[in-house]
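Here are some friendly notes to read alongside the model. Please keep the structure open as you go through the points.

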Amino acid sequence: MKHFHSNHLSMRFPMFSSPLIPFLLFVLSTSATALQYRFPRLNPVGEKFLHHSQVLNPLPLDDFKTYYYNQTLDHFNYRPESYTTFPQRYIINFKYWGGANSSAPIFAYLGAEAPIDDDLDFIGFMTDNAIQFNALLIYIEHRYYGKSIPFRSRDEALRNASTLGYFNSAQAVADYADILIHVKKELHANYSPVIVIGGSYGGMLASWFRLKYPHVALGALASSAPILYFDDITPHDGYYTVVNKDFRGVSETCYETIKKSWSEIEIVASQPNGLSILDQEFKTCRPLRGYSELEDYLWSMYATAAQYNHPPGYPVTRICDAIDGTFSVNGTLSKIAAGVFAFRGNISCYVNEPRNETETDVGWRWQSCSEMVMPISSDDDMFPPYPFDLQSVISYCNRLYGVPPRPHWATTYYGGHDIRLVLQRFGSNIIFSNGLKDPYSIAGVLLNISDSLLAVYTTNGSHCLDILKAKETDPEWVVTQRKTEVGIIKGWISEYYADLEKYKQMKQ
């Protein structure tokens, strides 16, 4: 969503990339590079992007068994090609399950825009609570990611809009329903209640799954799910308004330094050898081709730090402490560079680091160019003003894929407008969890809609923190949030078991 002639098209709006036509990639390479940085990434496992954390006590691989389901390519048509199938990966942990005879519950993690592998360790809500629920754990990979690839190969699946056309959330949610029904049948676990769990985009899928397939899932935990960032329901600048508050809340001087740094970067870049000065100051991995490359990097860093401002590292505080604690003849630039170094740690170079395009880069580019059109912009605050321009998005996506996005489809298919009025009339058993320091929380459900459509949030929480693995260093407020979520789920299951007992007695 930016101008096609400018790096800025890529950094502030959804990642649209293309594995497709090399010529288009060449023409749009500047834009595509920028998109990777300025659009805030939807992903629950932010820790691996922060470069300062690792999985502690990884789970034994022997506990997980991998299966492949012969998945239908197209759930919604009856053309011959719709019946084509592909292997979809799902992974089960049987270790804690109480078994089908006791109708012990099933926790299903709905994979999002990445391979499922990392989620086995990072998404601790599943394993941390499996014992007390005697739950079966199942992790289902999203189509077109990891090893769940249609059309026999990734190259073929991503070849053009015709093969990518089956790559959307509605098909993914139907996939999950198919697999869960299959697993319950195979395990003779017809009466085992299913709780679906997801974070970020996966949290959106979890909430939508409960609404679309209430006969499959008893309830859903939707962590940091910005289901209201469509169709102008949320103010466009909402995300970056929260980023501004996060930094300002830590340090007013840090916030002001960042705010004035953009113009200073551009002033230095305009001087003879100005880009070389920036290269030296920021220890770039290769020479800058323009000041926007540095700005894009910084833009992404600040957004990422705010979104994944997890304890105990608190990257926003780490950045601001470095900025406020640096004094140099180069003034603002040295302060900003110190923030970069503090965020990334001690590495050989910064900015323009060599980076291969990931599956998520490629996949989310298509998804945000088709249905996940989130109108995110920045106002004139800590960041320079940058409006959302839908026509630029449409033109960009048309050039990449030959098809325009459908910016209103998410609300048409799943709803979102007047959600408190509408959802209470037919929805139930969804926890919308958020941390208000997470910029995406601005588009989350933050008020209870009914007695079973519940908003559980923490004032100091960050993106998907509640479903990550519990640590001894976790503050009490996130411990309490998790306990609240567990209590709600226990209530759903207890009520279900009571209804199940009555149902069985009636059948006798």
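1. Phe426 sits in the loop that runs between α19 (419–423) and β7 (430–435); helices (H or I, at least four residues) and strands (E, at least two) are DSSP runs, numbered from the N terminus. Phe426 is exposed, its relative accessible area being 52%. On this scale buried means under 20% relative accessible area, exposed over 50%, and partly exposed in between (1.4 Å probe, protein chains only). Together with Leu421 and Val422, Phe426 makes a nonpolar surface patch of about 290 Å². Patches take residues with over 30% relative accessible area and no salt bridge, joining like charges within 9 Å and nonpolar side chains (Val, Leu, Ile, Met, Phe, Trp, Tyr) within 5 Å.

2. A word on provenance: this is a predicted model, in which local features need pLDDT of at least 70 and side-chain atom pairs count only at pLDDT 80 or more, while totals for chains, interfaces and linings use all residues. Residues are numbered from 1 along each chain as its sequence is written, and side-chain values use heavy atoms, with hydrogens and water left out.

3. For the overall picture, the chain has 20 helices and 8 strands. Of its 508 residues, 59% count as buried. The chain exposes about 20,700 Å², with carbon and sulfur atoms supplying 53% of it; accessible areas come from the Shrake-Rupley method with a 1.4 Å probe, and for residues only the protein chains shown count as cover. Among contacts (heavy atoms within 4.5 Å) between residues at least 6 apart in sequence, 75% join residues at least 24 apart.

4. Which residues have the most contacts inside the largest nonpolar core? They are Phe209, Phe247 and Tyr302, in a core of 113 residues. Helix α13 (residues 291–307) gives the most to this core, with 9 residues. Apart from it lies another core, of 32 residues, including Tyr96, Ile116, Ile123 and Cys464. A nonpolar core here is a set of buried Ala, Val, Leu, Ile, Met, Phe, Trp, Tyr and Cys residues joined through side-chain atoms within 4.5 Å. In soluble globular proteins, nonpolar side chains tend to be buried together.

5. Phe247 deserves a look of its own. Leaving aside neighbours within four places in sequence, Phe247 is in contact with residues that include Tyr302, Ala305, Ala306, Met382, Cys254 and Cys320. Those two cysteines are joined to each other by a disulfide (S to S 2.1 Å). Its torsion about the S-S bond is about -70 degrees, so the disulfide is left-handed. Cys254 lies in helix α11 (residues 252–269) and Cys320 in helix α14 (residues 315–324), so the pair ties together parts that are 66 residues apart in sequence. Both Cys254 and Cys320 are buried.

6. The structure holds 3 disulfides, each a pair of cysteine sulfur atoms within 2.5 Å. Cys285 and Cys349 form one of them, with sulfur atoms 2.0 Å apart; at 100 degrees about the S-S bond, this link is right-handed. Cys285 is partly exposed at 25% relative accessible area, whereas Cys349 is buried at 19%. A disulfide also joins Cys369 to Cys397 (S to S 1.9 Å), and its torsion of about -95 degrees makes it left-handed. Counting bonded cysteines along the chain, the pattern is 1-3, 2-4, 5-6.

7. How many salt bridges does the structure hold? There are 14, each defined as a side-chain nitrogen of Lys or Arg within 4 Å of a carboxyl oxygen of Asp or Glu. Asp175 and Arg143 meet in one of them (2.6 Å, N to O). Asp175 lies in helix α8 (residues 169–186) and Arg143 in the loop between β4 (136–140) and α6 (154–157), so the pair ties together parts that are 32 residues apart in sequence. Asp175 is buried, with a relative accessible area of 0%, and Arg143 is buried, also with 0%.

8. Please also check the salt bridge of Asp63 and Lys95 (3.7 Å, N to O). Asp63 counts as buried at 19% relative accessibility, whereas Lys95 counts as exposed at 53%. Finally, Arg89, Asp117 and Glu141 are linked in a network of salt bridges.
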